[in-house]
Amino acid sequence: MDGAGAGGAYVARTAEEVFRDLRGRRAGMIKALTEDVDKFFKLCDPEKENLCLYGYPNETWEVTLPAEEVPPEIPEPALGINFARDGMNEKDWLALVAVHSDSWLLSVAFYFGARFGFDKENRRRLFNMINNLPTIYEVVTGIAKKQSKEKTPNSSSKSNKPSMKVLSRAEPRAKAKVPVPKDEEESGEDEGDDEEEEHDNTLCGTCGTNDGKDEFWICCDNCEKWYHGKCVKITPARAEHIKHYRCPECTNGGSNSNKRVKT
């Protein structure tokens, strides 16, 4: 693969397809900055020319020279990431590369959005799906894991049912438990109005919409994102037998051993 291959033969035509493309690239770059960090470090030799970190839709990564054609097939990543390698603390350098990688992913996603003529609604859906994922920076620096741990005790202490988080058809959606941003929890101002508005604005972690407010929804006990049951292929009957629900993003080959749902 070369830099020009970063665009690949991938044809994105919907917000969901663009999101899948971004998610694959994101996975590859996270792997480079975490699991394969030693290999990544060695490839970023300051003695070489300007190098870029590319993520590909098939969840692989590559450190290589930028594309030669102008304009390139897709936006280019940060140029010359290798030059700062030996002049910074390794963790700070990796965090800096992560920040630039996040910026690149957004530019690529919205490049596709413009290329395929996304309207305002499709751009909103695409951004909401992207925004539901932790940033590469948050993953690399450990912030995402820390935030996840901080949410767990709060969610368990406020629930009357053991490890269960369900929004049922019979229960108005506005009464469902939805994660509230930390700054809003601390402020405590206009709590009633803000809570109702937040429930109305809750988006499905898969399709990025809040359609079907009276349908069965289920919440991931790990990342606390809500999903339409139909989007993650979970029915109310099946949910009754799940002790601890993990969404497809959090599962990654794991299993559901406890229960947590919302209908």
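This is a predicted model: local features need pLDDT of at least 70, side-chain atom pairs count only at pLDDT 80 or more; totals for chains, interfaces and linings use all residues.
**Entry 1: helices H3 and H4**

I began with a pair of helices and noted that H3 passes H4 in a right-handed crossing. For the geometry of the pair, I looked up the axes of H3 (residues 90-115) and H4, which come within 11 Å and cross at roughly 155 degrees. Angles over 145 degrees count as roughly antiparallel, so I wrote down H3 and H4 as roughly antiparallel to each other.

Next I wanted the residues behind this contact. On the H3 side I found Leu-106, Ala-109 and Phe-110, and they meet Arg-123, Leu-126, Phe-127 and Ile-130 in H4. Sorted by class, this contact has six nonpolar residues, no polar ones and one charged one.

**Entry 2: helices H1 and H4**

I stayed with H4 (residues 120-131) and turned to its packing with H1, where the angle is about 30 degrees and the axes are 9 Å apart. Under 35 degrees counts as roughly parallel, so H1 is roughly parallel to H4. I also checked the handedness: H1 passes H4 in a right-handed crossing.

**Entry 3: Asp-21**

While I was in H1 (residues 15-33), I stopped at Asp-21, which is found in that helix. Is Asp-21 buried or exposed? Its relative accessible area is 1%, and the limit for buried is under 20%, so Asp-21 is buried. I then looked for a partner and found Arg-25: a polar contact of 2.6 Å joins the side chains of Asp-21 and Arg-25.

My next stop was the loop between E2 and H3, which is the place of Pro-66. With 29% relative accessibility, Pro-66 counts as partly exposed. I looked up what Pro-66 touches, leaving out residues up to four places away in sequence, and noted Asn-50, Cys-52, Tyr-54, Glu-76 and Leu-79. I also noted a spacing for Leu-53: from Pro-66 there are 13 residues in sequence, and 9.1 Å in space, C-alpha to C-alpha.

Pro-71 lies in the loop between strand E2 (61-64) and H3 too. Here I checked the backbone and found that the peptide bond from Val-70 to Pro-71 is cis, with omega near -5 degrees. I marked it because most peptide bonds are trans.

I finished with phi angles. Most residues other than glycine have a negative phi, so I wrote down the next two cases.

Glu-59 has a phi near 70 degrees, a positive value in a residue other than glycine. I placed Glu-59 in the loop between strand E1 (52-55) and E2. Its relative accessible area is 48%, so I noted Glu-59 as partly exposed.

Where is Lys-233 found? I traced Lys-233 to the loop between strand E5 (226-228) and helix H9 (236-239). Its phi is near 60 degrees, again a positive value in a residue other than glycine.

Notes:
Residues are numbered from 1 along each chain as its sequence is written. Side-chain values use heavy atoms; hydrogens and water are left out. Helices (H or I, at least four residues) and strands (E, at least two) are DSSP runs, numbered from the N terminus. Buried means under 20% relative accessible area, exposed over 50%, partly exposed in between (1.4 Å probe, protein chains only). A polar contact is a pair of N or O atoms within 3.5 Å; within protein, one must be able to donate a hydrogen and the other to accept it, and residues adjacent in sequence count only if both atoms are side-chain atoms. Axes are lines fitted to C-alpha atoms, for helices over the stretch in contact, and angles run from 0 to 180 degrees between N-to-C directions. Angles under 35 degrees count as roughly parallel, over 145 as roughly antiparallel, 65 to 115 as roughly perpendicular and the rest as oblique. A crossing is left-handed if the near helix is turned anticlockwise from the far one by less than a right angle, and right-handed if clockwise. Contact means heavy atoms within 4.5 Å. Ala, Val, Leu, Ile, Met, Phe, Trp, Tyr, Cys and Pro count as nonpolar, Asp, Glu, Lys and Arg as charged, and the others, Gly among them, as polar.
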